Amino acid sequence: MGTVTGQPTQLLIDGALVPGGAGAFPTINPATEEPIGEAADADAADLDRAIAAARTAFDSSDWCRDTELRVHCLRQLRDALNDEIETLREITIAEVGAPRSLTYRGQLQTPVDDLEFPAATADNYPWRVDLGVAAPMGITTARTIVREPLGVVGAITPWNFPHQVTLAKLGPALAAGNTVVLKPAPDTPWCAAEVGRIIAEKTDFPAGVVNIVTASDHRIGARLAEDARVDAVSFTGSTVTGRSVMTAAAQTIKKVFLELGGKSAFIVLDDADLDAACTAAASTVSMHAGQGCALTTRLLVPRERHREALDAVATAMSRVPVGDPSDPKTLCGPLISARQRDRVQSYLELAIAEGGTFHCGGGRPAGLDRGFFIEPTVIAGLTNDARVAREEIFGPVLVVLAHDGAADAARIANDSPYGLSATVFGSDDRAARVASRLRVGTVNVNGGMWYSADVPFGGYKQSGVGREMGLAGFEEYLETKVVATAVRERER
């Protein structure tokens, strides 16, 4: 591939791999701070051509009506990605800073294999549903519900789990019959560019059905929300940017799916195994340096066991393997960039200003002088109204808060502008009752796993609009049409 030979990656536009109109821009290894290659840098004209290609492919080809072809192409893509999985793995480790162990799960292997779900869903979906004959307002009518694709989908993806989010958008959007223009984050263009190369070289996707446009300019992606030729926008990223996407999309009244931020709570009830809960909380918030929207970053513990919990979680956090993401033992690698590292560091400074204390961590890990690393950090001494307890930090930072029982824990957990996820540890019945009171999209009870291809993912409140994955995620990419045909007397 281009990144091995030293040549920039390419854009995928209208079935062809092409250079970027703005040249190329570097991609940086966050573990070493060194450039590792260049990616094609698209300009506005490139995006315009990509949108035009997607529009033409939807309006002028049989893609939206040929379910068999769509299923075939998605399964081809799954198999082709698996054929090159080791190359993709090394790119993901180098560009994303993703720990190697995670590439066998949600960072790479799982989302590749999960392409089977939208393919199988499309293959078996009831595209037409007969409602039978009725006589509304006295007119004898045969009624049919028809499900059809939206049209051109603009997909804007983040840097933290680029393969997972890219494939979770491409899979159902394409399976449903849409065409797509994908704009990945500037921090991780290689991951998306490799998917584009594989589509162009190893699959039968018709020209224009999938277009992948990498760019250093965030404004390029924003144009997808503004362009009237785009029928829907699927965005994953910060809540601040999500608001801008929604505002821009409102000008053409296009459908918007938003998967945004979180400040999820890990609730420990008084009958839970405290050590097990604290160990789980420590590993969760440290995974991939805390760069996950659904990671639980507030630990809510019984007030009478607050000091015990602090000691337990600090001990667990101090044992988290931090360092080189290529090492199979590493759980907590680097943050994605110097900007993100500085942002996390500013929140650590804010924690002290707000009256908090570090029970472990709080700075750069010893011996890691290069790379965008932050120690797994436990913050004590704050209440839920502190900014550090309310704002998304996106780093390996855990705020420990005290609660006065199950009802109070649910109240604190819900006292957030976000509603993406939560975890509850306790006896099954009590934990289930607390889970039912939480205003969030997913709940882990006693270690249960909600992440799966057949499970819808998304949030309440400012954590987003709509769902990704599962049948609900597939149907987000469909329109509903009703065909009502008058039945003549002789046809009855």
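First, the ground rules. The model is predicted, so local features need pLDDT of at least 70, side-chain atom pairs count only at pLDDT 80 or more, and totals for chains, interfaces and linings use all residues. Residues are numbered from 1 along each chain as its sequence is written, and side-chain values use heavy atoms, with hydrogens and water left out.

Now the sheet. It is open, has 3 strands, and runs in the order E5-E6-E22. The pairing is antiparallel. Strands here are DSSP runs of E, at least two residues, numbered from the N terminus. Two of them pair if DSSP finds at least two bridges between them.

Which strands stand at the edges? E5 (128–134) and E22 (478–486) do. Each has a single partner strand, so one side of each is left without a neighbour in the sheet. From one strand to the next, the twist averages 20°. That angle is taken between N-to-C directions, from 0 to 180 degrees, with axes as lines fitted to C-alpha atoms.

Look at E5 with E6, residues 141–149. They pair in the antiparallel sense over 6 bridges.

On to the cysteines. How many disulfides are there? The count is 0, with a disulfide defined as a pair of cysteine sulfur atoms within 2.5 Å. For Cys191, the nearest cysteine sulfur belongs to Cys293, 17 Å away. Cys191 counts as buried, at 2% relative accessibility. Buried means under 20% relative accessible area, with a 1.4 Å probe and protein chains only. For Cys332, the nearest cysteine sulfur is that of Cys360, 11 Å away. Cys332 is also buried, at 0%.

Note on methods:
Helix = DSSP H or I, 4+ residues; strand = E, 2+ residues; numbered from the N terminus. Buried < 20%, exposed > 50% of the residue type's maximum accessible area, 1.4 Å probe, protein only.
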